[in-house]
Amino acid sequence: MTKNNVKYREDQDSTFYHQGNYYSVNALFEAIEKNNIKLQKFKVNDLKWIIPYGTADFKRYKKADITTPICVVEDEGRLCTVDGYHRLCKATDTGVKEMNGYLVDKDSLRSALVKTPFKLF
């Protein structure tokens with residue numbers, strides 16, 4: 001599948017952090033495919049409020065492909081980017097007005113929850 005039909009994957013251990021929990025990036029994209037969540041457009045201005053709450057890694061920022069869809073959840077009435085922070089930062093800095101992405105429902109997000117995001121021993 002192409003970006004429009006998902007099939008985006010990262011390293012096997014790639015996670016993101018949201019509301020005190022870690023989630024598997026790949027498991028989230030599998031849930032998007034399984035639940036047939038449709039690609040849609042998001043206004044960068046509606047998403048960029050989150051930028052001051054994170055720190056962009058320069059190497060990841062430089063490599064960020066803003067054509068790769070981001071993942072967004074609705075959280076307390078606000079749209080929140082859960083995967084695609086570096087892409088969002090780059091889109092903001094380069095004047096991009098809209099980005100493709102998936103509005104992920106709570107069940108799909110929950111299915112990507114990682115119980116232990118790292119090995120203890």
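**Cysteines, core and strands: a conversation**

Trainee: Why does Cys 89 count as buried?

Mentor: Its relative accessibility is 6%. A residue is buried under 20% relative accessible area, exposed over 50% and partly exposed in between, using a 1.4 Å probe and protein chains only. Cys 89, at 6%, therefore counts as buried. Do keep in mind that this is a predicted model, in which local features need pLDDT of at least 70 and side-chain atom pairs count only at pLDDT 80 or more, while totals for chains, interfaces and linings use all residues. Residues are numbered from 1 along each chain as its sequence is written, and side-chain values use heavy atoms, leaving out hydrogens and water.

Trainee: What makes Cys 71 buried?

Mentor: Cys 71 has a relative accessible area of 0%, so it is buried by that cut-off. Across the protein, 36% of the 121 residues count as buried.

Trainee: How many disulfides are found in the whole structure?

Mentor: The search gives 0 disulfides. A pair of cysteine sulfur atoms has to lie within 2.5 Å to be called one.

Trainee: Which residues have the most contacts inside the largest nonpolar core?

Mentor: They are Phe 16, Leu 28, Ile 32, Cys 71 and Val 104, in a core of 24 residues. To be in such a core, a residue must be a buried Ala, Val, Leu, Ile, Met, Phe, Trp, Tyr or Cys, joined to the others through side-chain atoms within 4.5 Å. Two or more residues each come from helix 1 (25-34), helix 2 (44-47), strand 4 (70-75), strand 5 (78-83), helix 4 (85-93) and strand 6 (98-103). In soluble globular proteins, nonpolar side chains tend to be buried together.

Trainee: What does Val 104 touch?

Mentor: Leaving aside residues up to four places away in sequence, Val 104 touches Leu 28, Ile 32, Ile 37, Cys 71, Val 72, Val 73 and Leu 109. Touching, or contact, means heavy atoms within 4.5 Å.

Trainee: What makes a stretch a helix or a strand, and how many of each does the protein have?

Mentor: Both are DSSP runs numbered from the N terminus: helices are H or I with at least four residues, and strands are E with at least two. The secondary structure comes to 5 helices and 6 strands, in the pattern β-β-α-β-α-α-β-β-α-β-α along the sequence.

Trainee: How do you know that strand 1 and strand 2 pair?

Mentor: Pairing asks for at least two bridges found by DSSP between two strands. Strand 1 (residues 15-18) and strand 2 (residues 21-24) have 4 bridges and run antiparallel, so they pair. Phe 16 stands opposite Tyr 23 in strand 2. These strands form a hairpin with 2 residues between them, and Gln 19 in the turn has a positive phi of about 50 degrees.

Trainee: Why does Val 82 count as buried?

Mentor: Val 82 has 7% relative accessibility, so it falls under the cut-off for buried. This residue of strand 5 touches Phe 16, His 18, Leu 28, Cys 71, Val 72 and Val 73, not counting residues up to four places away in sequence.
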